[in-house]
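I opened my notebook and the model side by side. Here is what I looked up, in the order I went.

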Amino acid sequence: MSWLSRFFSKLFSKWLPKESSNWQWFYRLGSPRWFYQRSGQWLPWVSLAALLVLATGLVWGLAFAPEDARQGNSFRIIYIHVPAAFLAQSGYFIMAIAGAIGLIWKMKISYMVMKAAAPIGAALTFIALFTGAVWGKPTWGAYWVWDARITSMLILLFLYAGVMALQYAYHSVDAASKASAILALVGTVNIPIINKSVDWWYTLHQPATIKLTSAPSMHMDMFMPLLVMIVGFYLFYAVALILHTRNEILRRERKTSWVRELATAKAGS
Amino acid sequence: MYFENIAALINMSGHGVYVWSSVAVTLAAMLWLVIAPLFKQRELLQEVSRDIQRQQDRELAAKTAALSEPNEESN
C-alpha cells in the first residue's frame, strides 16, 4: 500500500504546494482544530440556507409545478430523486478526491472528510434507489428492474458500504484510511458508467433530464424547481459533511488539549 | 397552487401515495443524517470530560494515599 502512496506523491510532486507561499490557507485547512472552529461558525448559516432553499424547492415542485403530460403527478418524485442521485455521485467524487488528497499530501483532515462522506453518500444513494423504485411502480409497473442505471447505482451503494466497512477492518487508523482511499479511487470508474448507462444500455430508465452540454429536456416551469432542489441538496450535503467531519475530528483528536478544553467548557455550561 | 385544494394536493389524482411516501422516506433519511451526528457530538464530548474527571479523581486519590502513608508509619 505504501508504494502506491509513494507513487502518487511522486506523480503530483510538481504541483505540491510550497509551505511558505500563497498555499498557507491549504495547510491551515488541513489543521483539524482550525477546521473545527471555522466550521462551527459556518454551520448555522449553511444550515439556514439549506433549509430555506429545500423548503422553497419542495413546495414549488410538489404543489406549484404543472403535472407531466404522460406520467401525471408521479413525475413529482423527480424533485427528490434526481437531486439525491446527483449528490450520491458528486458525493462519491468528493470522497474519492478527499482520499486522493490524503494519499498524496498526507493531510489528516482529508481522511476524516473521506470517512465522513461515506455514510452520507450511502444514505443519498439509498434515497435515490428508494424513490426510483416507488416511481417505477406507477410508471413502469414494477418496483425493481435490473436496468443498467439501477444496477450501477446499486454498485455505488456497495462501494460506499465497502469504504465504510474498510474503516473498521484495520487496527491502525492510517492503514484503514489508505485502504479506503484506494477503494474509493478505484470505484470512481463506476461514476461515468452510471452517467452513460442510460445511453449505452437504453432499456427502461429515461435518459438524463439535465445535461451540461444541452438545454434541459423539460419545460422551464418544471425545470426551475428541480434546479432549486439540486442547489438545496448541495447545501444540505455541506451541512451533513461538516457535522460528520467534526465528529471524526473529536474522535481522533480526543487526547489533544484543545478537545479536552472544549469538553470541559461544554460540561461546565 | 397547481391543485384546486389541499385534498387534491394530497391525492395527486391517485399518485399521492407514491409521491408522499417518497417524500416521507427522503425527509426521514435526511433528518437522520443531521440529527444523529449532533447526538454523537454530545456523546463524544461527554466521554472526553468523563475521562478528564476520572483522571483527576485518580490523581487526587494518589495524592491522598501518598499523604496518609507516612502518618501510618509514624504511628
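Predicted model: local features only at pLDDT ≥ 70, side-chain atom pairs only at ≥ 80, totals over all residues.

**Two helices packing**

I started with a pair of helices: α4(A) and α9(A) pack with their axes 9 Å apart, at an angle of about 45 degrees.

**Chain A as a whole**

Next I zoomed out. Of its 269 residues, 38% are buried. I also checked how far along the chain its contacts reach: among those between residues at least 6 apart in sequence, 76% join residues at least 24 apart.

**The core**

Then I went looking for the largest nonpolar core, and it has 74 residues. A:A84, A:M95, A:A117 and A:I120 have the most contacts inside it. I wrote down which helices each supply at least two residues: α3, α4, α5, α6, α7, α9 and α10 of chain A, together with α2 of chain B. The largest share, 17 residues, comes from α5(A).

Skipping its neighbours within four places in sequence, A:M95 is in contact with A:M114, A:A117, A:A118, A:G121, A:V163 and A:A184.

**Where the chains meet**

How many residues of chain B are in contact with chain A? I found 27, and they touch 39 residues of chain A. On the chain B side, helix α2 (residues 16-74) gives the largest share, 20 residues. By class, that side has 19 nonpolar, seven polar and one charged residues.

I moved on to A:L185, which lies in helix α7 of chain A. Is A:L185 buried or partly exposed? I counted 17 other C-beta atoms within 10 Å, so A:L185 is partly exposed; being buried takes 20 or more. Leaving out residues up to four places away in sequence, A:L185 touches A:A96, A:G99 and A:A100. I also checked A:L185 against A:G232, 47 residues apart along the chain: their C-alpha atoms are separated by 27 Å.

**Two positive phi angles**

A:K106 has phi near 55 degrees and sits in the loop between α4 and α5 of chain A. A:K106 counts as partly exposed because it has 15 C-beta neighbours inside 10 Å.

B:M12 has a phi of about 50 degrees, also positive. I found B:M12 in the loop between α1 and α2 of chain B. Why does B:M12 count as buried? B:M12 has 20 other C-beta atoms within 10 Å, and 20 or more is what being buried takes.

Technical notes. Residues numbered from 1 in each chain as written. Chains lettered and ligands numbered in written order. Buried ≥ 20, exposed ≤ 12 C-beta atoms within 10 Å, placed from the backbone. Contact = placed C-beta atoms within 7 Å. Helix = DSSP H or I, 4+ residues; strand = E, 2+ residues; numbered from the N terminus. Nonpolar A, V, L, I, M, F, W, Y, C, P; charged D, E, K, R; others polar. Core = buried A, V, L, I, M, F, W, Y, C linked by C-beta atoms within 7 Å. Axes fitted to C-alpha atoms, helices over the stretch in contact; angles between N-to-C directions.
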